[in-house]
2 protein chains.
Amino acid sequence: MTVRTVVFDAYGTLYDVQSVGRLATELCGDKGELITQLWRLKQLEYTWLRGLMQTYEDFSVVTRDSLDFVLERVGVRSSTTIRDALLTKYLKLDLYPETLQALKALADYRLAILSNGSPAMLDSLVEASGVRSLFSQVISVDPVKTYKPDPRCYDLAAKSLGAVADEVLFVSSNGFDVAGAKRFGFRVAWVERGGGAPPPSSSAIGPTELFGLLRGGAERLGCGADARVASLTDLPRVLTDLAR
Amino acid sequence: MTVRTVVFDAYGTLYDVQSVGRLATELCGDKGELITQLWRLKQLEYTWLRGLMQTYEDFSVVTRDSLDFVLERVGVRSSTTIRDALLTKYLKLDLYPETLQALKALADYRLAILSNGSPAMLDSLVEASGVRSLFSQVISVDPVKTYKPDPRCYDLAAKSLGAVADEVLFVSSNGFDVAGAKRFGFRVAWVERGGGAPPPSSSAIGPTELFGLLRGGAERLGCGADARVASLTDLPRVLTDLAR
């Protein structure tokens, strides 16, 4: 079937989760980079673990708990100021530079977001970045009380949109999300942001490189993307190819 | 109720997953440490993701896929020799030095293993390390086709052992496993292997330190251990305390 709807992941796909890094460095000096990378890794772990344990708490809780874990692990004394400042920044993450232009180039399609974010977090994100009017729906996984890549999340999006899986193009930079959406039955475009040359040696690796190694690359989960793109601005080409 | 049965996690608790490190360094030089740490991180991710996606493949597949992912990411040309040698070593991991002595000190209890490992992998592990006769059962999650911390895994162990959850002490060094077992209803002892002082700065971090930061520390998943121990040899004391 022809794709009529494009559904975007939010964190890491439209919004740059790394954009907390500058603030983290202002607040925590040389540990800022480490905090930025560990926070995202632990936040994702907690979504998967809470999904699997069937102990859902919403993404604001997971985001706070993972930050608390990391601040304690790296030896930043529990500081309400630091924690609250970072959590506030998470509600106003930067869009990737190409996002606005890329979304406007898809005006012929119905656009939506499907995100792990809680309704309140997503509300804040789209409001602060001024993109609300571009989306017909902003869908949080919250009603199904689990996290991506649980198939119930993608099913929620399909049902909310009244769409057959096959007529949806799902767009994510997160490999696990690509696998989950593909397994559910969406067409999937993977925005490959985590690329880069392999490291010369173990000792040349810092937190950001390690994050890139773990989170970049095609996941070996048996469900590959239909298309790989370097940027959101390549999506019109993908949609043209799919329509052939 | 009085604890009569002690159930151990295998990988990271009885068996040292880091014991592939020396071989990895022999085979891959300076990238060996990086491969060792990323492999374990990615292997765990794939268990959680396949559990959540409901696309179970057994632990030998997950272990191979995660190694292939990592070898490709760090730029080791796909070499059957390297891959097969590392996978073979994974079937014969070293016991932690205190394991044998600690298990023998628990001769008054019924002992078992509950592991993500496939039946064939666990068979190889206990055979190669000569501990089979110490355990009344070696239980793989394989029959329930999901991975820890899914509650069905712990339920499988309770049913296999014919035990009430409350009379089982579950022992793991893995924070997510501690949370899952506690959530199910087992008493839980956490073997805290991932400790250590916080790092002085981001730039002082290598792959092993990063692994320790991510995997050590008490997980903030709402289900803490009943007891924290530094070594398996502390378990008799824990059991005495629980019997009071």
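Predicted model: local features only at pLDDT ≥ 70, side-chain atom pairs only at ≥ 80, totals over all residues.
Q: What rotation superposes chain A on chain B?
A: A rotation of 180°, with 0.0 Å of shift along its axis. The RMSD is 0.0 Å. That is the relation of a two-fold axis.

Q: How is the size of an interface often given?
A: As the accessible area lost when the parts come together. Here, about 5000 Å² is buried between chain A and chain B. Carbon and sulfur atoms give 62% of that. On the chain A side, A:Leu52, A:Arg73 and A:Arg220 lose the most area to chain B, together 17% of what that side buries.

Q: How many salt bridges does the rule find across the interface of chain A and chain B?
A: The rule finds 6. One pair joined by a salt bridge is A:Arg215 with B:Glu45, at 2.7 Å, N to O. Polar contacts link 22 residue pairs across the interface.

Q: Which element of chain A gives the most to the side that touches chain B?
A: Helix 2 of chain A, with 14 residues.

Q: In what order do the strands of the chain A sheet run?
A: The order is 3-2-1-4-5-6, in an open sheet with parallel pairing. Strand 3 (137-140) and strand 6 (227-229) of chain A each have a single partner strand, so one side of each is left without a neighbour in the sheet. The twist averages 25° from one strand to the next.

Conventions: Residues numbered from 1 in each chain as written. Chains lettered and ligands numbered in written order. Heavy atoms only, no water. Pairing = 2+ DSSP bridges. Helix = DSSP H or I, 4+ residues; strand = E, 2+ residues; numbered from the N terminus. Axes fitted to C-alpha atoms, helices over the stretch in contact; angles between N-to-C directions. Least-squares fit on C-alpha atoms with pLDDT ≥ 70 in both. Buried area = accessible area lost by both parts, 1.4 Å probe. Salt bridge = Lys/Arg side-chain N within 4 Å of Asp/Glu carboxyl O. Polar contact = N/O pair within 3.5 Å; in protein donor to acceptor, adjacent residues only side chain to side chain.
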